[in-house]
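Here is a short briefing for a first look. Please keep the sequence and the model in view while you read.

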Amino acid sequence: MALKRKLVPQSVYRRQLAARLRELREASGLTLTEVSEQIEVNQGSLSRIETGERGTTPVLVRALLDCYAVTDTELRDDILDLVRADKEQQKPWWRKYSTVLTPTRYDGYLALEAGAIALANYQPLLVPGLLQTEEYARVVIAQMRPELTSDQVDALVKVRMERQESRLSGEHPADLWAVVDEAVLRRVIGSPAVMRQQFAHLVQASEQPNVTIQLVPFSLGAHPGLYGPFVILTFPLPTGPLVWLENPNNSVYLEAESDIRNYNDIFDKLRASALSPAETRTHLIRTAEEFEP
């Protein structure tokens, strides 16, 4: 499996911009060396722009479009809009939490999630972050990140709550399809009271038109999801999907077509084997009753 590791993944807009500029240069028949000489910009910088490793400016992009003989006004405007959108996404709402986000590259995931139109999330041990209650999230973060101070834990909890508001109830909500293992319901996080509240929240969330929740029961036995949790992020065309794999120090994302196909296949098999959304809702309600005092 090929892992593509980057500290901070490019924004959706930067990925689109990089692909469009590379296509236009190739269509013009020019090499990077020739472009570098014509517009007097370092070849290495141009290469990093085309791979999305760095952003650029409207001035430089206009020079590139002139070099490639792009005269179509609408096309030029579309590409310049991508430049501006990329710059805007470099000033996200989570920047004020950068001191606690950066060490685990969580900010990189937030940049991707912010641009996604659909999220397919499989979780074998925990409620997905976008569906956690504040109390559940606080316990999870404090126990998984014992090195953090209480203020830092509070900051990460706020990030998680703002994520939910932004992606599930914001101006342009994403579609979330979450498949969770039954172990998620059986592992007591915090206390029975915290779990009761979490179950109620899951039932309520499952009633939203853009949220689907399915449960993989213990009775299924072994299944493809035993490799671990993952998120498949889908973006507006022409940007391709990504798979995000989280770990404590350096989370990674996959963008090779073979990797995307593999994880889509795993997720499809999990959905087919899991309880239906309606059955899952009933199971959640029944399980919550077991935590009643």
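Which residues in α2 meet which residues in α3? Leu 32, Thr 33, Val 35, Ser 36 and Ile 39 in α2 meet Gln 43, Leu 46, Ser 47 and Glu 50 in α3. Contact here means heavy atoms within 4.5 Å. The model is predicted, so local features need pLDDT of at least 70 and side-chain atom pairs count only at pLDDT 80 or more, while totals for chains, interfaces and linings use all residues. Residues are numbered from 1 along each chain as its sequence is written, and side-chain values use heavy atoms, with hydrogens and water left out.

**Helices α2 and α3**
- Helices (H or I, at least four residues) and strands (E, at least two) are DSSP runs, numbered from the N terminus.
- The contact of α2 with α3 holds four nonpolar, four polar and one charged residue. (Ala, Val, Leu, Ile, Met, Phe, Trp, Tyr, Cys and Pro count as nonpolar; Asp, Glu, Lys and Arg as charged; the others, Gly among them, as polar.)
- The axes of α2 (residues 32-39) and α3 (residues 43-51) come within 9 Å and cross at roughly 120°. (Axes are lines fitted to C-alpha atoms, for helices over the stretch in contact; angles run from 0 to 180 degrees between N-to-C directions.)
- α2 and α3 are therefore oblique to each other. (Under 35 degrees is roughly parallel, over 145 roughly antiparallel, 65 to 115 roughly perpendicular, and the rest oblique.)

**Salt bridges**
- The whole structure has eleven salt bridges. (Each is a side-chain nitrogen of Lys or Arg within 4 Å of a carboxyl oxygen of Asp or Glu.)
- One joins the side chains of Glu 50 and Arg 25, at 2.6 Å, N to O.
- Glu 50 lies in α3 and Arg 25 in α1 (residues 12-28), so this pair ties together parts 25 residues apart in sequence.

**Helices α11 and α13**
- The axes of α11 (residues 192-205) and α13 (residues 277-289) come within 9 Å and cross at roughly 160°.
- That makes α11 roughly antiparallel to α13.
- Arg 196, Phe 199, Leu 202 and Val 203 in α11 meet Arg 281, Leu 284, Ile 285, Thr 287 and Ala 288 in α13.
- Six residues of this contact are nonpolar, one is polar and two are charged.

**The sheet**
- Six strands form an open sheet in the order β3-β2-β1-β4-β5-β6, with mixed pairing. (Two strands pair if DSSP finds at least two bridges between them.)
- β3 (211-216) and β6 (252-254) are the edge strands, each pairing on one side only.
- β1 (residues 118-123) and β4 (residues 230-234) run antiparallel, joined by five bridges.
- Leu 119 stands opposite Leu 233 in β4.
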